[in-house]
Amino acid sequence: MLDEIKRRKEDLLILKNYVDKETKNIESSMSDILKDVDALANTFAFKDEIERITLASMLVTMGYLSKDSSYTYDTNMKESKFMANHLLNYSCVSLEGKGCCRHTSALIKLLLDELLVESGVAMLRSGLAEDKNIEKLELMMDDFFRNYSKANHAANYVRYDGDVFIFEPLKNSSMLAFYSIDKSFVKAFENYGKQLSFKLLNTNVEEYNTKDELAFVYNYDLFSSTPREMGLDKVTELEKEKQDLILQKYDQAFLTILENPELLSDFREKNEENVMNINRSYQKILTNEKMVLKK
């Protein structure tokens, strides 16, 4: 029995050293990609945070950072169990060209860090609530104990001109949705209304009245060790004028990117080998982890 435990520890140590080695390869290739993302933002002359949010999101969702030049929503993607850098770990999944909300938001967060946009990844629980006070009390208790069990969604949040709001790509689309935070409650920007048909976070409602549909945002960041770093429970809803300004800047940046496909193609071609290197190393990690854990 003791010999078996010893062998097991040795196997896990060998695996950890292997994962650390491949992680260094991933970090090297990712560093090159991030430098080119920053260069691309400068080529577009994107200085405003909204412009950079738009670029980072579109690079992910339009497949310019995936091995197959496409990106689809997939909840079945596996993550490494031994990579120490969770943000990098989840981001590697997205480079496969598939991922769910936590993988998408992780890669977008990684790009925004390089672009010097103050952002994070919020945990949310979506759905309607008859008694908002009870729901909020449950949320605060989960928040206090850092219990993720009731969270069913992840999305990026950003601090912009003194305000904080949430944004996320629409499923299998290059477009973004924007949400205000109002003391732990989340709802879509007023301008969206029923103009677009999309799901509010994880609900099954295709079209909705923004006054009735709510989600609840936890006060901590998925990739932060400090539970109350951002104070999301104290954030208040953006004024209509500020929402309009953000959407206007987003629309303009979105069109500018679409009107310059050659810049995106050049970026893709330049970083194709980096993306493939990351994919190879990450698949090696997953394969070796599976082999060791099955013993």
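Mentor: A salt bridge is a side-chain nitrogen of Lys or Arg within 4 Å of a carboxyl oxygen of Asp or Glu. This is a predicted model, in which local features need pLDDT of at least 70 and side-chain atom pairs count only at pLDDT 80 or more, while totals for chains, interfaces and linings use all residues. Residues are numbered from 1 along each chain as its sequence is written, and side-chain values use heavy atoms, with hydrogens and water left out.

Trainee: To what does the count of salt bridges come by this rule?

Mentor: Side chains of opposite charge can pair when their charged atoms come close. Applied to this model, the rule gives a count of 12 salt bridges.

Trainee: Which residue forms a salt bridge with Asp-20?

Mentor: Helices (H or I, at least four residues) and strands (E, at least two) are DSSP runs, numbered from the N terminus. The closest N and O atoms are 2.9 Å apart, and the partner of Asp-20 is Lys-16.

Trainee: How many residues apart are Asp-163 and Lys-242?

Mentor: Their side chains meet in a salt bridge, at 2.5 Å from N to O. The pair links distant parts of the chain, with Asp-163 in strand E5 (residues 163–169) and Lys-242 in helix H6 (residues 240–258), and the separation is 79 residues.

Trainee: Is Lys-242 buried or exposed?

Mentor: Buried means under 20% relative accessible area, exposed over 50%, and partly exposed in between (1.4 Å probe, protein chains only). Asp-163 has a relative accessible area of 24% and is partly exposed. With a relative accessible area of 14%, Lys-242 is buried.

Trainee: Which residues are linked with Lys-242 in a network of salt bridges?

Mentor: Asp-163 meets Lys-242 in a salt bridge. The network that includes Lys-242 also holds Asp-161 and Asp-163.

Trainee: Which helix gives the largest share of the lining of the second largest pocket?

Mentor: On a 1 Å grid over the protein atoms alone, a pocket is an open set of points where a 1.4 Å probe fits, with protein on both sides within 12 Å along at least five of seven lines; lining residues have an atom within 4 Å of a point. Of the 13 lining residues of the second largest pocket, those closest to its centre include Leu-286 and Lys-290. The largest share, seven residues, comes from helix H7 (residues 261–294).
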